[in-house]
Amino acid sequence: MSGGITIDGLTKRYGTVTAVDDLTFDVEPGVVTGFLGPNGAGKTTTLRMLLGLVTPTAGRALIDGRRYAELTEPRRAVGAVLEATGFHPGRSGRDHLRILALAGGIPGSRVEEVLDRVGLADSGHRRVGGYSLGMRQRLGLAAALLGEPKVLVLDEPANGLDPAGMADLRDLLRDLADEGHTVLMSSHVLSEVAQTVDRVVILAGGTLRYAGPLTELTAKGETLEAAFLRLTSAPDTDPATGATTAPAHR
């Protein structure tokens with residue numbers, strides 16, 4: 001799948017704890033895919049394995065058919081926002097991006113382009129220490145877009161954004177998908193996800209509960225929130241055997 005994400009049998013164990021268990025799904029170019037699950041579902045661990053920050057116990061996490069470590073120009077292949085931290089508080093947003101561009105061999109002209117695209121054109125001169133959480137989120141997104149990557153991996157990108165910021169983010173992600181980018185975003189704001197994504201991947205307990213179109217999940221009039229709660233509810237336990245059965249996934 002050119003420009004896409006492939007998760008194939010991905011598993012991560014920490015001692016006796018299985019954080020991600022035999023996870024398999026694809027993320028396609030040209031659509032926005034929501035990556036959902038309750039706290040502790042394994043979402044962040046999966047994203048960190050995808051970005052080469054955590055070594056899988058088994059399975060593969062591929063970007064355009066290759067592991068992150070095998071990408072020759074990773075900043076041009078994938079842009080990621082995992083958390084709105086890591087900024088020098090005394091440095092301006094513009095200078096932060098200039099340093100990243102220089103380190104990544106990216107033309108300096110991209111700095112102004114991405115500042116404008118995320119709505120920070122008028123705030124790029126300000127020190128990051130004075131940015132709100134929402135502004136830091138925008139700066140992180142600008143950094144992810146610097147290398148014009150085909151794949152975007154965003155962990156809670158709406159965190160700290162006001163309603164106008166959420167609307168801007170929604171429009172930006174839609175535009176990026178329409179341009180052929182692969183967009184994978186995790187979020188706990190299900191009302192916003194329902195307005196933004198085309199497909200959803202839902203985890204619970206480190207296992208896949210659903211992967212498919214949002215429209216199919218809500219086709220019978222069920223809201224995304226209701227479907228999410230149903231799919232991520234605690235598995236049933238057989239009182240006679242103690243065996244558990246997770247909700248069906250596809």
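Analyst: The account below goes from the sheet to one of its residues and then to the whole chain.

This is a predicted model, in which local features need pLDDT of at least 70, side-chain atom pairs count only at pLDDT 80 or more, and totals for chains, interfaces and linings use all residues. Residues are numbered from 1 along each chain as its sequence is written, and side-chain values use heavy atoms, with hydrogens and water left out.

Six strands make up an open sheet with mixed pairing, in the order 5-6-7-3-8-9. Strands here are DSSP runs of E with at least two residues, numbered from the N terminus, and two of them pair if DSSP finds at least two bridges between them. Strand 5 (78–81) and strand 9 (207–213) each have a single partner strand, so one side of each lacks a neighbour in the sheet. Strand 5 runs parallel to strand 6 (residues 151–155), and four bridges join them; valine 78 has valine 151 as its bridge partner in strand 6.

Valine 32 lies in strand 3 (residues 32–36). Its relative accessible area is 0%, so valine 32 is buried (under 20% relative accessible area, 1.4 Å probe, protein chains only). The C-alpha atom of valine 32 is 4.9 Å from that of valine 183, although 151 residues separate them along the chain. Leaving aside residues up to four places away in sequence, the residues that valine 32 touches include Leu173, Ala177, Met185 and Val197, contact being heavy atoms within 4.5 Å.

Across the protein, buried residues make up 48% of the 250 residues.

Key
Buried < 20%, exposed > 50% of the residue type's maximum accessible area, 1.4 Å probe, protein only.
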